[in-house]
Amino acid sequence: MTGKNVLVIGGSVRLEKAAEAFGKHGFSVGIFDGSRALKNAVDSSDIILLGIPATTDDVYINADNLPSPISIKDLAMLVGRKKLVAGGRLSERAKALFDIHGVHWADYALREEFEALNAVPTAEGAIALAMDEFPFTIFSSRVVITGFGRVAKALAQRLHALGAQVVICARRAGARAEAESMSCKACDFNALCREAAQCDILFNTVPAQVIGGEALSALPPHAGVIDLASKPGGVDLDEAKALGVNVIWALSLPGKVAPVTAGKIIEKTVLNIAEEMRL
C-alpha cells in the first residue's frame, strides 16, 4: 500500500495526526485547504479521508478549515470508481450519493478494530473529565454505567482499578453476568433509579435515550452525568436542565484528549479497509 496518495478533507487535529501517521508509513499525504481546485486534488489521490462525523448537516463535508464548504454531492461526482472515500459515521444520504456515482466508500467508525481501539481513549478521556469536573476522587466513588459495550467495558475496568464501586446497568442477562465476572455490580434498567439515587457519577454509553426524568430526579444533589454516547445521546437534556442536573455530553473524546492515538487508530483502520478492497 505504500506509495499511494492520501487526500485529507477536514480540519480536526485528529485528522491532522492521521495524516502524519500515513506519512510515516510511506504515503504521499495532502491536507485540502481550498487553495487549489478540488478536482485536481481528488484526481491525484487514491484515498480521500474524511473526518468523524463526515458530515454534521447531511449536506456538506465536515471541514471547518475551508474558505468555502464542499458538498457531499460534489465530492461524490468528482471521485469516480477507482478511489476510496473513508469517513466516520457516514450519513445514509452520503452513502446513497456515493453509491449513485459508483464511489468505493467505507465507514471506518463502524469497523470492529476502530471501535475496540477507540474505546480506550474514550474511557481514559471520560475519567479525566470526571476528575476535572467533580470535587471528589474516583477512589471510593460509586459510579453507574448504562450499557455494556466496548466503551463501557473499558471504562468499568479502569474505574474499578482506581477504586471506584462500579455498577453496570444493562438489558441483557449475559452482559450483566459478564459485568459481575469483572467484579462489578450489575442490574437491569428497571433498577436504574434505585442505583442512581446512590451514585456519585452516572456514565451513559447507550446512543438512545435511556436516562429520563425519573432517573435524573433520583440523583443526589452532588452527582452528575457524563454522556459518552454519539448523537442523539442517551440523556433527556430538557429534563436535566429543568432539574438542575449537571450533564456533560462528551462527544468525540478521543480526538480531544488523545489526538495522536486517535489519528493512528484512523490510519490503521483505513489501511485495513484499503487492503481488503485491494485498492
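The count comes to 11 salt bridges, a salt bridge being a side-chain nitrogen of Lys or Arg within 4 Å of a carboxyl oxygen of Asp or Glu. This is a predicted model, in which local features need pLDDT of at least 70 and side-chain atom pairs count only at pLDDT 80 or more, while totals for chains, interfaces and linings use all residues. Residues are numbered from 1 along each chain as its sequence is written, and side-chain values use heavy atoms, with hydrogens and water left out.

## Charged pairs

| Salt bridge | Closest N and O atoms |
|---|---|
| Arg111 and Glu113 | 2.9 Å |
| Lys153 and Glu178 | 3.3 Å |
| Lys185 and Glu195 | 2.9 Å |

The bridge between Lys153 and Glu178 links distant parts of the chain: Lys153 belongs to helix α6 (residues 150-161) and Glu178 to helix α7 (residues 173-181), 25 residues apart. Helices here are DSSP runs of H or I with at least four residues, strands are runs of E with at least two, and both are numbered from the N terminus. Lys153 is partly exposed at 26% relative accessible area, and Glu178 is likewise partly exposed at 33%. On this scale, buried means under 20% relative accessible area, exposed means over 50%, and partly exposed lies in between, using a 1.4 Å probe and protein chains only.

Salt bridges that share partners join Arg142, Lys185, Arg194 and Glu195 into one network.

## Aromatic rings

A pair of aromatic rings is described by the distance of the centres and the angle of the planes. The count comes to three aromatic pairs; rings of Phe, Tyr and Trp (its six-membered ring) pair if their centres lie within 6.5 Å, and planes under 30 degrees apart count as stacked, over 60 as edge-to-face and the rest as tilted. One of them is edge-to-face, because the ring centres of Phe22 and Phe27 are 5.2 Å apart and their planes stand at 85 degrees. Both partners are buried: Phe22 has a relative accessibility of 0% and Phe27 has 8%. Phe134 and Phe136 are stacked, because their planes are at 20 degrees, with ring centres 5.6 Å apart. Here Phe134 is buried at 7% relative accessible area, while Phe136 is partly exposed at 25%.

A charge meets a ring as well. The charged end of Arg171 sits over the ring of Phe189, 4.5 Å from its centre; the rule asks for NZ of Lys or CZ of Arg within 6 Å of the ring centre and within 35 degrees of the ring normal.

## Two open sheets

An open sheet of five strands runs in the order β2-β1-β3-β4-β5 with parallel pairing, where two strands pair if DSSP finds at least two bridges between them. Its edge strands, β2 (28-31) and β5 (104-107), each pair on one side only. Strand β1 (residues 5-9) is joined to β2 by four bridges, and the two run parallel; Val8 stands opposite Ile31 in β2. Helix α1 (residues 13-24) lies across β1, β2 and β3 (47-50), at about 160 degrees to β2. Such angles run from 0 to 180 degrees between N-to-C directions, with axes fitted as lines to C-alpha atoms, for helices over the stretch in contact.

A further open sheet has six strands in the order β8-β7-β6-β9-β10-β11, again with parallel pairing. Its edge strands are β8 and β11 (246-249), each pairing on one side only. Neighbouring strands of this sheet are turned by 20 degrees against each other on average, direction ignored. Four bridges join the parallel strands β9 (residues 201-204) and β10 (residues 224-227), with Gly224 in β10 as the bridge partner of Ile201. Helix α6 packs on the sheet, touching β6 (142-146), β7 and β9, and its direction makes about 170 degrees with that of β6.

## Around Cys169

Cys169 has its place in strand β7 (residues 165-169) and is buried at 0% relative accessibility. Which residues does Cys169 touch, not counting residues up to four places away in sequence? They are Ile145, Thr146, Gly147, Cys187, Asp188, Phe189 and Leu192, with contact meaning heavy atoms within 4.5 Å. Cys169 and Leu192 are 23 residues apart in sequence, and their C-alpha atoms are 6.8 Å apart in space.
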